[in-house]
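Please read the following report with the sequence and the three-dimensional structure at hand.

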Amino acid sequence: MNGMRTLSANIAVEIPEAPLGGTLYRVLFLCATVLFSLTFILNTGAEIIRERLRKKYGRY
Amino acid sequence: MKNFWRRGEPFVWATGLTLSIIISMTALLLYVVIINGIGVFWPQRLLQLNLKDGQTQLGELTQEELDPSKASRLQLKIGNRELNGLDFTWISEADIRSRSYPDEVYAIERQEYGNFYGFLKEVHSLEPSVTEKDGGLGQALARTRQQVASLLAKERQINSQFNALNSAIDQIDQQLARYRYQQVAEQDQQMQTLGEQKNTLKAQFAELVEDGQRNTEQLTAYYALFQSADGKESKVLLANMVRLYQPNQMGLLQKFGHYGGKLRELLVDDPRESNTEGGLFPAIFGTVTLVLLMSILSFPLGVIAGIYLREYAHEGILVKIVRIAVNNLAGIPSIVYGIFGLGFFVYGIGGLLDQVFFPERLPNPTFGTGGLLWASLTLGLLTIPVVIVATKEALGSIPPSIREGSLALGATRFQTLTRLLLPMASPGIMTGFILAMARAAGEVAPLMITGVVKLAPALPIDGQFPFFHLNRKFMHLGFHIYDIGFQSPNVEAAKPMVYVTTLLLILIVLALCSLAIYFRNTMRKRYAIADV
C-alpha cells in the first residue's frame, strides 16, 4: 500500500521546472509519448473488439 | 433450483444493488464535502481552558479525540500567530482544570498573522486614547473603526490610481520599445512626445506615492491593544482588521449576518494570507471564463466534424480510422494533452506569434507562455471527442423516414440537414456538450502546465483596452484546491478552505450544467420528435 509514482504524475510534477529544449523537457515529452502509445494501443485494441462485436451482433 | 437460475432473479437483484452502491457513493461524497464545507464560516464560540499548570488557553474548538484506550485530547485553534508561532495546539483532557466561555472576548480577522483571540485593553486614535479604566471600550473601538474606514477607502482609491498609472506607463514603454526596434531615431517627433508623456506620468506617480505614504502613516496612529488569554499584549492596527466580532455574545441573527458577510467575501473578494483566507473571486472568474471560452472554441468544431462523419463521409477504411482516432482521443490521459498544449500551443504557436507581432518585447514572452487562451484550446481539444460522438449518435437516432421524406419533397441534402436534422438532433448534441463542459471544469492537470497560477495579479477580462487579455495567466478553483490543500505552508489552517473551495467548484459545475440542461429542455420542447 505504498504511494506510487505514475507516468502522468511524473510529468505533472516535473514539467514546471523543465526549461524549453533542455534534457528534462525532452525526457518528459518522451514520458508523454510512452503514455500516449500505451493508451493508444489499449484503445485501438478495444476499438477492434468493438468493431467485431458490432459486426457479429448487428448495429450497436 | 434450475428454475431459479433460469429466471435470473439474483441478477436483477445484483443490478439493483450495483446501482444503489453507486448512488450512495455519490451521496457520501456530497455529504462529506457539504458537512465539512458548510460550517466553516459559522462563528464558533471561543473556549477558554484553565490548565492545571496554571496556564490558560483560548480559542476555537476544532477537533475532539475521544480515545478510550489513551487519554482523550482536544485541538484548539488558538490563533495569535505572532505570539505563539502556531495556530493550533493539542491539549490533553487530563490537564484541564476548568472550561469557560468568557463573554467579552474578541475574535479578530487580520490581514496578516491570521486570527487573534483576546481581550480588548486600549484604543488609540487621534483623540485621547481610551483605556480599560475609562469604560466604553467597545463603543470607542467601533467609533475609531468608522474613522479608519474613510482612510482605508482613500488608500484603496490611491491603489487603483496607482495601478492605472502603472499600466499607462507600461504601455508607453512598450510603444517606445517598438519604435526602438523599428529603429526610429531618438530625436523623432513621436519619440519625443512619448518621452514627455512618460515624464508627466512619472511625476504624477511620485506624487501618488507620497500621498500613499502619508495615508499609511496616518493609519498607524489608529490601533488597539489586545491581551491574549495568557496575559501577553499585542498591538493590532485598525487598518489590518478585516473583521471584528465577539462570538460569545452573538445572537442567532448576528451569527447569520456574520455567515452572510463571510460568504459575500468568499464570492467577491481577493484571497489573502497565501490563499488560505479571504475570497475566491479570481478563481471563480477564471474557472467560468475558461469553461465558456473552451466551449466557444471546441463546440462548433466538434459538431461540424460529427456532421461530416455521420452525414457525408462514406463508410470506408478512412472513416474507420477516423472513428478509432476519435475514440482514442477521448481515452488519452489529460496530462498528455497538457504536454501537447505546452509544446504546440505555448512554445510553438505562442512563440511564433511573439516573433511575428511582439519582437520588441523578446526575450520576455507575451503569448509564448501559459495563458488563458492556450489553456482553453488545450481543454477544447480534450472535449472535442465527446462532442463528436454525441453529435453522431444524435443524428443517427433520427428515424430515416424523416430524411427520406424531406428529400422526396425536393429539399437538398443541405436544406434537410440545416432545417430538419440539426434542430431535431440539438437536444442530443447539447447532452454531449454538458458532458464535455463537466469534464473540462474538473480538469486540472493540463491547466497546471498551460497557464494556471496560484495568484494572478490581474483578471483576464478587465476595463483596460483591449478588455480581453487572453494571454494572461489565471486562477482556477480546481488548482486552488490542490494548491492550498497540498502546497500550503499552513495545512491545518487551510483545511476548511479546501472544503469550501471544493463545495464551490461542485456548485459552479452544477450551475453551468443546469444552464445547459435548461437550454436543452427548451430545445427539446421546440423540436420534439414525437410531434413530427
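Chain A contains two helices and zero strands, where helices (H or I, at least four residues) and strands (E, at least two) are DSSP runs numbered from the N terminus. This is a predicted model, in which local features need a pLDDT of at least 70 and side-chain atom pairs count only at pLDDT 80 or more, while totals for chains, interfaces and linings use all residues. Residues are numbered from 1 along each chain as its sequence is written, and chains are lettered from A and ligands numbered from 1 in the order in which they are written.

**The two chains**

The secondary structure of chain B comes to 15 helices and twelve strands. Its radius of gyration is 31 Å, well over the 24 Å that the globule rule gives for 532 residues, so chain B is more spread out than a compact globule. The radius is taken over C-alpha atoms, and the globule rule is 2.2 Å times the number of residues to the power 0.38. For chain A the radius of gyration is 18 Å, whereas a compact globule of 60 residues would have one near 10 Å.

| Chain | Box of C-alpha atoms | Buried residues |
|---|---|---|
| Chain A | roughly 50 × 35 × 15 Å | 10% of 60 residues |
| Chain B | roughly 95 × 95 × 40 Å | 30% of 532 residues |

The predictor gives the complex an ipTM of 0.84 and a pTM of 0.84.

**Two sheets in chain B**

One open sheet of chain B consists of five strands in the order S4-S3-S2-S1-S5, with antiparallel pairing; two strands pair if DSSP finds at least two bridges between them. Its edges are strand S4 (88-92) and strand S5 (96-100), each of which pairs on one side only. Neighbouring strands in this sheet are turned by 45° against each other on average, direction ignored; the axes are lines fitted to C-alpha atoms, for helices over the stretch in contact, and angles run from 0 to 180 degrees between N-to-C directions.

Within this sheet, strand S1 (residues 46-51) and strand S2 (residues 56-65) of chain B are joined in the antiparallel sense by five bridges, and Leu49(B) stands opposite Gln57(B) in S2(B). These two strands, S1(B) and S2(B), form a hairpin with four residues between them, and Gly54(B) in the turn has a positive phi of about 90°. S2(B) in turn pairs with S3(B) over five bridges, again in the antiparallel sense, and Glu60(B) has Lys77(B) in S3(B) as its bridge partner. Strand S3 (residues 73-77) of chain B is joined to S4(B) by five bridges, with Gln75(B) opposite Trp90(B).

A further open sheet of chain B has five strands in the order S9-S8-S7-S6-S10, and its pairing is antiparallel. Here the edge strands are S9 (233-237) and S10 (241-245), each pairing on one side only, and the twist averages 45° from one strand to the next. Four bridges join strand S6 (residues 106-110) of chain B to S10(B), where Arg243(B) is the bridge partner of Glu109(B). Helix H4 (residues 137-181) of chain B packs on this sheet, touching strand S7 (115-124) and strand S8 (223-227), and its direction makes about 90° with that of S7(B).

**Where the chains meet**

The contact between the chains takes 15 residues from chain B and 16 residues from chain A, two residues being in contact if their C-beta atoms, placed from the backbone, lie within 7 Å. On the side of chain B, the elements that give two or more residues are helix H8 (317-331), helix H9 (334-357) and helix H13 (445-450), and the largest share, six residues, comes from H9(B). The residues of this side divide into eleven nonpolar, four polar and no charged, where Ala, Val, Leu, Ile, Met, Phe, Trp, Tyr, Cys and Pro count as nonpolar, Asp, Glu, Lys and Arg as charged, and the others, Gly among them, as polar.

**A buried glycine**

Gly370(B) lies in the loop between H9 and helix H10 (372-396) of chain B, and Gly370(B) counts as buried because it has 27 C-beta neighbours inside 10 Å. Leaving aside neighbours within four places in sequence, its contacts include Val346(B), Ile449(B) and Lys473(B). Gly370(B) and Gly451(B) are 81 residues apart in sequence, yet 3.8 Å apart in space, C-alpha to C-alpha.

Methods
Buried ≥ 20, exposed ≤ 12 C-beta atoms within 10 Å, placed from the backbone.
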